[in-house]
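Hi,

Here is the structure I promised to pass on. Please open it next to this email, and my notes follow below.

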Amino acid sequence: MSKLTLTTLNGTDVEVHFDYSPSYPATLKEPGCDEEVEITEVIYKGLDVWPLMDEKETENFERQIFEYRGDDD
């Protein structure tokens, strides 16, 4: 599991915990897959507010995580 401090759409900093799976190409035996992020918790002031987040916020966090991961290359 990884974690990053990310910014919500309204400008609040939160700690996002997530699992990241890199992409890998298809082979003759395996179909391959795209990279994936599964957010597991969003912590704000010690509380998990992940259940309160909507689809737009999820997409915002995933975009920020993929951008961060892209900076590692």
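A charge counts as sitting over a ring if NZ of Lys or CZ of Arg is within 6 Å of the ring centre and within 35 degrees of the ring normal. One such case turned up here: the charged end of Arg69 sits over the ring of Tyr20, 4.1 Å from its centre. Keep in mind that this is a predicted model. Aromatic pairs are another matter, as the structure holds zero of them.

Now the overall layout. From the N terminus, the elements run β-β-β-β-α. The C-alpha atoms fill a box of roughly 50 × 25 × 20 Å along the principal axes. The accessible surface is about 5400 Å², and 48% of that belongs to carbon and sulfur atoms. Of the 73 residues, 25% count as buried. Take the contacts between residues at least 6 apart in sequence: 37% of them join residues at least 24 apart.

Next, the sheet. Strands of a sheet pair through backbone hydrogen bonds, either parallel or antiparallel. In this model, four strands form an open sheet in the order E1-E2-E3-E4, with antiparallel pairing. E1 and E4 are the edge strands with a single partner each, so one side of each has no neighbour in the sheet.

How many bridges join E2 to E3? There are seven, between residues 13-21 of E2 and residues 36-44 of E3, and the two strands run antiparallel. Phe18 has Ile39 in E3 as its bridge partner. E3 and E4 (residues 47-48) are also antiparallel, joined by two bridges. Here Ile43 has Asp48 in E4 as its bridge partner.

The hairpin of E3 and E4 has two residues between the strands. Lys45 takes a positive phi there, near 50°. Gly46 also lies in the loop between E3 and E4. Is Gly46 buried or exposed? Gly46 is exposed, because its relative accessibility is 66% and the cut-off for exposed is over 50%. Another distance to check on screen: Gly46 and Ala26 are 20 residues apart in sequence, yet their C-alpha atoms are 41 Å apart in space.

The largest nonpolar core has eleven residues: Leu4, Leu6, Val14, Val16, Phe18, Val37, Ile39, Val42, Val49, Phe61 and Ile65. Strands E1 (2-7), E2 and E3 and helix H1 (55-71) each supply at least two residues of this core. Phe18 and Ile39, the bridge partners from above, both belong to this core.

What does Val14 contact, leaving aside neighbours within four places in sequence? The list is Leu4, Thr5, Leu6, Thr8, Val42, Ile43, Tyr44 and Phe61. Among them, Leu4, Leu6, Val42 and Phe61 are also core residues.

Last, Thr58. This residue is in helix H1. Thr58 counts as buried because its relative accessible area is 15%, and buried means under 20%. Not counting residues up to four places away in sequence, Thr58 touches Ile39 and Trp50. Ile39 is one of the core residues.

Best wishes

Note on methods. Residues are numbered from 1 along each chain as its sequence is written. This is a predicted model: local features need pLDDT of at least 70, side-chain atom pairs count only at pLDDT 80 or more; totals for chains, interfaces and linings use all residues. Side-chain values use heavy atoms; hydrogens and water are left out. Two strands pair if DSSP finds at least two bridges between them. A nonpolar core is a set of buried Ala, Val, Leu, Ile, Met, Phe, Trp, Tyr and Cys residues joined through side-chain atoms within 4.5 Å. Buried means under 20% relative accessible area, exposed over 50%, partly exposed in between (1.4 Å probe, protein chains only). Contact means heavy atoms within 4.5 Å. Rings of Phe, Tyr and Trp (its six-membered ring) pair if their centres lie within 6.5 Å; planes under 30 degrees apart count as stacked, over 60 as edge-to-face and the rest as tilted. Accessible areas come from the Shrake-Rupley method with a 1.4 Å probe; for residues, only the protein chains shown count as cover.
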